[in-house]
Amino acid sequence: MAHYTVAVAGATGYAGGEALRILAAHPEFEPVRVTGHSSIGHRLGEYMPHIPPLADMVVEDTTPESLSGCDVVVLALPHGASGALAERLDPECVVVDLGADHRLERREAWDRFYGGDFHTAWTYGMPELIVGEDHGAYRRQREHLAGVTRIAGPGCNVTATTLAMQPGIAQDLIERHGVVADLAVGYSGAGRKTGRMNLLAAEAFGSAQPYGVGGVHRHIPEILQNFAHAAGLDASHAADFTLGFTPMLVPMARGILACVSAELSDRGKALNDADIRHAWVEAYDGQRFINVLPEGVMPATANVLGSNAADVQVAVDRPAGRLLAFAAIDNLNRGTAGQAVQSLNVALGLPEDEGLTTIGVAP
């Protein structure tokens, strides 16, 4: 019998639906309440027919009252919608926010990229994030997650970019200025919006399109925040790094492939390719969901679909003097709902991999 009851707000969107798919199969969680906005009064099965056990649940209005009485609340809401709502939730229940409202530690970063009310950062929900070293061993974000009741789920693009490059930052193998991240992103990363022409099948098939270009994408400050932590620094040192960030919508439903590159530092130049590769192998040794691929094998989004895994790789372009790091994830699972469940497991003292898989769906 499940030990924790769960309410999911924003249950009929892509992120909320993926959370419900994972929670429905989790042995310790029981989804008992779903809320929405335009879907109020409808059966969940009208929006999520791929989750038959939950099909007869009725979508309620998203209010503090409708979310009360549950052990766990998952907020799958647009940015700006969860902050005020979360303040009215029971402080004893465990809340994970899949949106942006509680990710950023510095108000000036929020004001520049989002605007509106700033809400205090919650404990960041990326267990494998490097947050410094102690006697030669990496310290991880998971040590801060145990026992907490408020968790900020990372952005999907942030997850792929961070997991790709953080070993190079932690080992001072790259120059901090001039990091470049180019990402191929599946259309579900744009959310469940039918009103935009470029999200319709006739507009998307056979086409790739950049978006959020020119240093305005809202995931940039979160990535820089993570880079600072990977270097063992606090968020005020995010400005030590610069990032050229270009996501591109490509004609696939889900998945992210990140290519992150930077100029080799003097230390990086002094190491051979095998030693640089070893930095990635060492950084992810024992990390259940991070798979450093065999040398020369490049990540592919098809191999991680439906899983909480991240496939990573590193290569060195000696003629260009640059290091290239790659990561492939499922944006809805590892990039959003799966990582949230992983963090909930840690917070509640459950096995970190409970209800999650590293096995993808192919073809």
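Biologist: How far is the sulfur of Cys259 from the closest cysteine sulfur?
Modeller: In this predicted model, the distance is 17 Å, and the closest cysteine sulfur belongs to Cys156. That is too far for a bond.

Biologist: How many disulfides does that leave?
Modeller: The count is zero. Two cysteine sulfurs would have to lie within 2.5 Å to be counted, and Cys156 is in no disulfide.

Biologist: Is Cys156 buried or exposed?
Modeller: Cys156 is buried, with a relative accessible area of 11%. Cys259, by contrast, is partly exposed, at 24%.

Biologist: Turning to the sheet, what is the strand order?
Modeller: Seven strands form an open sheet, ordered S11-S12-S10-S13-S16-S15-S14, and the pairing is mixed.

Biologist: Which strands stand at the edges?
Modeller: Those are S11 (209–210) and S14 (290–292). Each has a single partner strand, so one side of each is left without a neighbour in the sheet.

Biologist: In which sense do S10 and S12 pair?
Modeller: S10 (residues 179–185) and S12 (residues 243–249) pair in the parallel sense, over seven bridges. Within this pairing, Leu183 stands opposite Pro247 in S12.

Biologist: And which strands does helix H5 lie across?
Modeller: H5, residues 156–170, lies across S10, S12, S13 (256–263), S14, S15 (310–317) and S16 (322–329).

Biologist: What about its angle to S13?
Modeller: The helix H5 runs at about 45° to S13.

How values were computed:
Residues numbered from 1 in each chain as written. Predicted model: local features only at pLDDT ≥ 70, side-chain atom pairs only at ≥ 80, totals over all residues. Heavy atoms only, no water. Pairing = 2+ DSSP bridges. Helix = DSSP H or I, 4+ residues; strand = E, 2+ residues; numbered from the N terminus. Contact = heavy atoms within 4.5 Å. Axes fitted to C-alpha atoms, helices over the stretch in contact; angles between N-to-C directions. Buried < 20%, exposed > 50% of the residue type's maximum accessible area, 1.4 Å probe, protein only.
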